Amino acid sequence: MAKVKRVLRCYKCGVVLQSLDVDKKGYIPASVATRETLSTHVLYCQNCFEEMKKLNSGELSKSVDKQTLKILDDAVATDAVIIWVVDLFAFNGTFKMDLVSKLKGLKIMVIGTKYDLFNAKRHSKENFERYLIARFNEVGIEPANVLIIGNDDSYDPKSLVNSIHELRQGHDVYMIGTSMSGKTSLVNRMMKNYENNFRWTIKTEYYPGTTLKVLEIPLSNSSFLYELPGLSLDTSIISKVEKDVQKVITPKKSVKETSIKLSQDEAVFFGGLITVELIRGEATLFKAFTSEYIEYKKVSSNKLDEAFKTNLHSRIIRPVSDSLSSFSDFDLFEYDMEDDNLYHDISVEGFGWVSFIGKGQTIRISFPHGAALKETLSKVY
């Protein structure tokens, strides 16, 4: 009788896997495709694995708009100060490296916004400051200053303006951040106490040599603050779903903290967007930080695929996106955690994160293809 051998395909691209020729499609090291691995892991070809590893490590595949980089050439040439605005909920520590490379060496003030979405009694500003410093240091940037602010806190805009003036020492200031990061709200707060005693007016116009409109605010008779258009959200889950789903996954009043305990071979799915599965290890308490409108369901691992697929059509657990209708629309990652007894986060850019204590578990995450996934020490614990 003929011997039967199972033919394996890459979980992401579907190419037939092979271990004979590293230069051909579908290559996977023979040491990876072992019997033990097949029973506990999904497999990716070498190309897909490297692509996802880059995405996960912050080396994003999409680049910043060339016109934005052209504007920032002027910032570099004039030794300007950069105000980098990040949304504390949506930011997960991934960066576009062409932007990072451009701005290294400049004075950078990092401002984390939307702190009012969190419980101030449980999650201190100091923890967020520590988190932002660590994430920027990770890519070689040492912020000159880090501020954490909320829309409803008592932070004095005059104090912010004074800090900017002290840092800039007469140089121009360029404000950057993704769309929806809170950049415009921050500028509006600053403008409430703004007095224009200079010969220039506040104006919004095309930046020279580009088709990008920039808000230009005089800081003196010879220096300006430029608010640049929002950086793209192409690695955020926001860019993968429809507007009605965007509204559901974006917190309005507060971030919801949900405690979910998973034992080995149990999983939870959040609407039709994210799944978290405990593949191996002791029972773990996951704390999910999401929009207050996100629904979830806990299931056994052997029923996860069926339950998740059914929900994509039945829409019982919401939100569900029309653009995410099959498993091919999702990426799948596994983390073999350290046994360090420290809080870790696994976050999907734009959606939120799960926090848990590292105890040597293996955790599997499914998330929309092209979104940025990141594992770090916790931002709130």
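This is a predicted model: local features need pLDDT of at least 70, side-chain atom pairs count only at pLDDT 80 or more; totals for chains, interfaces and linings use all residues.
Reader: What makes β6 and β7 a pair, and in which sense do they pair?

Author: Two strands pair if DSSP finds at least two bridges between them. β6 and β7 have four, in the antiparallel sense, so they pass that test. Residues are numbered from 1 along each chain as its sequence is written, and side-chain values use heavy atoms, with hydrogens and water left out.

Reader: How many bridges join β4 to β7, and how do the two run?

Author: Three bridges, and they run parallel. Here L225 of β7 is the bridge partner of V173.

Reader: What makes both faces of β7 count as covered?

Author: F224 and Y226 are buried on one side, and L225 and E227 are buried on the other. "Buried" means under 20% relative accessible area, "exposed" means over 50%, and "partly exposed" is in between (1.4 Å probe, protein chains only). In a regular strand the side chains alternate between the two faces of the sheet.

Reader: Why do the buried residues of α7 line one face of the helix?

Author: Those residues are K183, L186, V187, R189 and M190. Looking down the axis of α7, they fall within an arc of 160°, so they line one face. That arc is taken from the directions from the helix axis to the C-beta atoms. Among the elements covering them are β1, α6 (157–168) and β7; covering goes by contact, meaning heavy atoms within 4.5 Å.

Reader: Why does N197 count as exposed?

Author: N197 has 61% relative accessibility, so it counts as exposed, the label for values over 50%. It lies in the loop between α7 and β5 (203–206).

Reader: What makes D234 and K96 a salt bridge?

Author: The rule wants a side-chain nitrogen of Lys or Arg within 4 Å of a carboxyl oxygen of Asp or Glu. The closest N and O atoms of D234 and K96 are 2.6 Å apart, so the pair qualifies. D234 sits in the loop between β7 (224–227) and α8 (243–249), while K96 is in the loop between β1 (81–87) and α4 (97–103), 138 residues apart. Both residues are buried. By this rule there are 14 salt bridges; one group of them links R135, E138 and K374 in a network.

Reader: Which parts do E266 and K298 tie together?

Author: E266 and K298 form a salt bridge at 3.5 Å, N to O. E266 lies in β9 (residues 266–270) and K298 in β12 (residues 296–300), so the pair ties together parts 32 residues apart in sequence. E266, at 24% relative accessibility, counts as partly exposed, and K298 gets that label at 42%.

Reader: Is D322 buried or exposed?

Author: Exposed, with a relative accessible area of 56%. Its salt-bridge partner R315, 2.2 Å away from N to O, is partly exposed at 29%.

Reader: Why do β8 and β17 stand at the edges?

Author: Five strands form an open, antiparallel sheet in the order β8-β11-β15-β14-β17. β8 (255–262) and β17 (373–377) each have a single partner strand, so one side of each is left without a neighbour in the sheet. Inside that sheet, β14 (residues 343–348) and β15 (residues 352–357) share six bridges, with I346 opposite V354. Three residues lie between them in a hairpin, where G350 in the turn has a positive phi of about 90°. β14 also pairs with β17 over five bridges, one of them between V348 and L373.

Reader: What makes β14 mostly covered?

Author: Five of its six residues are buried.

Reader: How confident is the predictor in the chain?

Author: pLDDT is its confidence in each residue, from 0 to 100. The mean is 90, and 92% of residues reach 70 or more. Over residues 57–61 the pLDDT is below 50, and this stretch has 14 contacts in the model beyond near neighbours in sequence.
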